[in-house]
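Hi,

Here is the structure I promised to pass on.

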Amino acid sequence: MKEITARLWDNPKFGTTYGKGQYRRAIYNGTLEVSQPRSKYLVDFEEIEAWFHTAKAPVHVSMTQRLDELPVNESGVLMSWIYRYELSNKIPVRGYAALDLNHHRLIIEIEDVETKIHESWNLAVRSCIARTPGKPTPTLIATNATLLDSPQNPSTNGAFGEANARALEDLTRRAQG
């Protein structure tokens, strides 16, 4: 299995408008970084129904057409389409990511023909603690890598310990609307 690291940030623009009747619905923005071959992907986690209806790229639309039923929102579960980030371009790839805040899991499936990445991951999600004030630190992190690349090596202080329970409850409430 290829090593992958997912870093998710709270979306500060969540709920704001970008046009008449158009709202930013992504609760988390993030990156997925695969070590070999070195590839970076972008994700925007939204409620399931909003995610389903934001499929614009032909590869994503074809994935939605294979579903027998329209998906419905599920409390604490967010979904994202996956885009490869290459030379400042977002290239849609076959795949999705599902963030389950109830069970602290991130499920990722990527089928990227160009990079020859055809993998699925089921990772534990942990909250991050900012070590350096003023330095961007993800809200959540999930990885199967043994060592994260510096300088972004945030502390998780024993995933989901007592100290983080309140923060995780707040995140779950926020995701539920």
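Thr-64 is buried: its relative accessible area is 14%, and the cut-off for that label is under 20%. You'll find Thr-64 in helix α2, which covers residues 58-65. Leaving aside residues up to four places away in sequence, Thr-64 touches Phe-52, Ala-55 and Trp-81. Before you read too much into any of this, do keep in mind that the model is predicted.

Trp-81 leads on to the aromatic rings.

Where do the two partners come from? Trp-51 belongs to helix α1 (residues 48-53) and Trp-81 to strand β6 (residues 77-86).

The charged end of Lys-90 sits over the ring of Tyr-83, and the distance to the ring centre is 5.1 Å.

Now the chain as a whole. It has three helices and eleven strands. Reading from the N terminus, the order is β-β-β-β-β-α-α-β-β-β-β-β-β-α. Of the 177 residues, 40% are buried. If you take the contacts between residues at least 6 apart in sequence, 52% of them join residues at least 24 apart. The accessible surface comes to about 10300 Å², and carbon and sulfur atoms account for 50% of that.

Finally, confidence. The mean pLDDT of the chain is 84, with 82% of the residues at 70 or more. Which stretch has a pLDDT below 50? That would be residues 150-163, a stretch that still has 27 contacts in the model beyond near neighbours in sequence. Where pLDDT is low, the predicted coordinates should not be read in detail.

Cheers

Notes: Residues numbered from 1 in each chain as written. Predicted model: local features only at pLDDT ≥ 70, side-chain atom pairs only at ≥ 80, totals over all residues. Heavy atoms only, no water. Helix = DSSP H or I, 4+ residues; strand = E, 2+ residues; numbered from the N terminus. Lys NZ or Arg CZ within 6 Å of the ring centre and 35° of its normal. pLDDT = per-residue confidence, 0-100. Contact = heavy atoms within 4.5 Å. Buried < 20%, exposed > 50% of the residue type's maximum accessible area, 1.4 Å probe, protein only. Areas by Shrake-Rupley, 256 points an atom, 1.4 Å probe, with all protein chains shown as cover.
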